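Biologist: Please show me the model. I have some questions about how it is put together.

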Amino acid sequence: MAHALWGLLRSPVPPELRTDLAFGLLILVLFLMQVATGILLTLYYQPSPAMVAESVQFIMRDVSWGWLVRGTHHWSAHALIAVCGIHLARSFCLGTYRRLGSATWYASVVVLALLVVLTFSGQILAWDNEAYWRLSRVVRQVESIPAIGRSLARVMRGGDEMGATTLSRTYSAHTMLVPWLVWMLIFLDTWLLVRCLRIRVGGTP
Amino acid sequence: MIVVLRQGSTEEEIAEVLRDLERRSLRGRIVHAGGKPLIHVTSGSTRRARRLLRLDQVEALVPTSGPRVRVEGRRFYPYYFVNLCAGFVLVLGLLVLLAGQLPSGMGVEIDAQHPPSETQFPWYARAPLAFVALFPESLAWLGWLVLLVLAGVVFFLPTLDRSQRRTLRERWWIVAAGILAGIGWLYLTLSEGAR
Amino acid sequence: MILILARDCTQPLLDEIVGEAERRGWRSEVSRGDEQTVVALSGTGDPQALEDAFRSRPEVDVLPILSYREYRQLRSRRRMLAGLASGLGLLTAVGAGIPVLGFLLPPKGTLADRTLVRAAGKDEIRERSARKVLVLGRPVVLVRLEGDRYFALSAICTHMDICQLDWSEERRQLVCPCHGGAFDLYGNVVQGPPSIPLASYKVEQLGADVFIRGEA
């Protein structure tokens, strides 16, 4: 990817692609920020019901710059969803989903969905009263799906009751599963954009 | 890349530049334009040629990448990325400001016995929930189904919209649909149904 | 002037473009390279007209040959821009690096600090009002004055160690409903019968929450 980015930096950008590129790079920068601050937060965060409040308190109170790391993680998550949403809405209105090739559109829609999942699960990780009841409402909604709902809800809770397993499942999805999916899609998106630029710019790769 | 030499450079000076190029395993060919001798560097990595500027008779090195791009597309290219990076730094500064001014709280301890009277959902999830709440309780499944179909339409948009119309005016209906959807989303987000 | 074309441009295209330039009063010299084809033009034609003629053709790039001074200005501007950009980058890197390093260093406190108890969110108590909370099993009154000034005092009157004190907003005192004793916000006795001052607790504000240190 570093190679692809270097190529982007050195090649002239056609004016009509500039805004797309700016949005894409902004999303990439914010996501990198999320990864960096997220890794830092895992150093102190403890995903067990007894320790969650303690560890979050510890980050905010004792760890130097803890407020900054947690705060920027929180705010750039929301900014990511907003920026990605605006990017998609713009692409929808201008019809760039045809010009850039449809693959980037599919990738962007899935990325937005995954970002929503990431932010939602991140807010669940606070494991306070609001998060608990929010998640239980979602799980109850899932449970009402006919046929597969019950087993799906069991998988989400990690058992029949909300508890420690639910929290560690959410933690695992938030820090492992979903971020890796987003990474793969970002790689795909960058590759598609670079290829598109090369076709438009022509010349040597 | 093109090496621009000073007007009236002597044969000896031109030969010196060519020798220098050869030392860096680059090949050059002399052409003339506007009274100035030019050397078109025809092969080899041109990054190594930067030191040519030390020679007195060399006025400039003109990069010539991107042969099929019009001049307008290129005029800003280094400046464009500087602007972009400056913008990113501003965005990060804004995030730091938000983190300092509006810190996220910790919330109260879990009370699993007593469900709260209303559960607040985050701003991005309110509109779909309010949309489902528009349907009567017994038809909630229909609301979810409609939502799913709408999401599918958005996802498969490139397959559904194969029209060749390019300009905004020719696509007014899709822009209108987008604006309507945006207004609807905003209304649902602010409405009471999202509780 | 210089015209730049693709390395693999066809001969008819090249001929057409050279012909167009020669019709406008330029002499041309073609040089084919590995990465691009360069057509060097010399003569007395109008550079602006040439640029306009090829503006609509994406396969041709028109570059003017500038004077020595203009090249020098371009170079110094590029150098300044590069300096500015790297300065900005360095500043950002340092600005981001200090918090990261600070975060990585283990802090002095321990993780399991149960003496600090979350009492309320900042928005949960109105100004000039109070709320009773339990801190390590003991009742405590948390008073919020104007702005973010908080006081935490034991809620048990020192007279008989039984009655719970109430916050009186107009008197700005904690009042005992049993025998009329009153304390100010620093725990001092304002009105009998109690004679011992009230224990006060340390209040800490972290983010959007108010905490009470329960070791007093």
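Modeller: This is a predicted model: local features need pLDDT of at least 70, side-chain atom pairs count only at pLDDT 80 or more, and totals for chains, interfaces and linings use all residues. Residues are numbered from 1 along each chain as its sequence is written, with chains lettered from A and ligands numbered from 1 in the order in which they are written.

Biologist: In S3(B), which residue is the bridge partner of Val3(B)?

Modeller: Strands are DSSP runs of E, at least two residues long, and helices are runs of H or I, at least four long, numbered from the N terminus. Two strands pair if DSSP finds at least two bridges between them. Strand S1 (residues 2-5) of chain B is joined to S3(B) by 3 bridges and runs antiparallel to it. In S3(B), Val3(B) has as its bridge partner Ile39(B).

Biologist: And which residue in S3(B) is the bridge partner of Ile30(B)?

Modeller: Strand S2 (residues 27-33) of chain B and S3(B) run antiparallel, joined by 7 bridges. They form a hairpin with 2 residues between them, and Gly34(B) in the turn has a positive phi of about 60°. The partner of Ile30(B) in S3(B) is Ile39(B).

Biologist: How many residues of strand S3 of chain B are buried?

Modeller: A residue is buried if 20 or more other C-beta atoms lie within 10 Å of its own, exposed if 12 or fewer, and partly exposed in between, with C-beta atoms placed from the backbone. Of the 195 residues in chain B, 22% count as buried. Strand S3 (residues 36-43) of chain B is mostly covered, and of its 8 residues the buried ones number 6.

Biologist: Which element of chain B has the lowest mean pLDDT?

Modeller: pLDDT is the predictor's confidence in each residue, from 0 to 100. Chain B has a mean of 80, and 87% of its residues reach 70 or more. Over residues 66-77 of chain B, pLDDT stays under 50. Helix H5 (residues 140-155) of chain B has the highest mean, 91, and the lowest, 39, belongs to helix H2 (residues 71-74) of chain B.

Biologist: Which helix of chain C gives the most to the side that touches chain A?

Modeller: Two residues are in contact if their C-beta atoms, placed from the backbone, lie within 7 Å. The contact takes 18 residues from chain A and 15 residues from chain C. With 4 residues, the top contributor on the chain C side is helix H3 (residues 68-104) of chain C.
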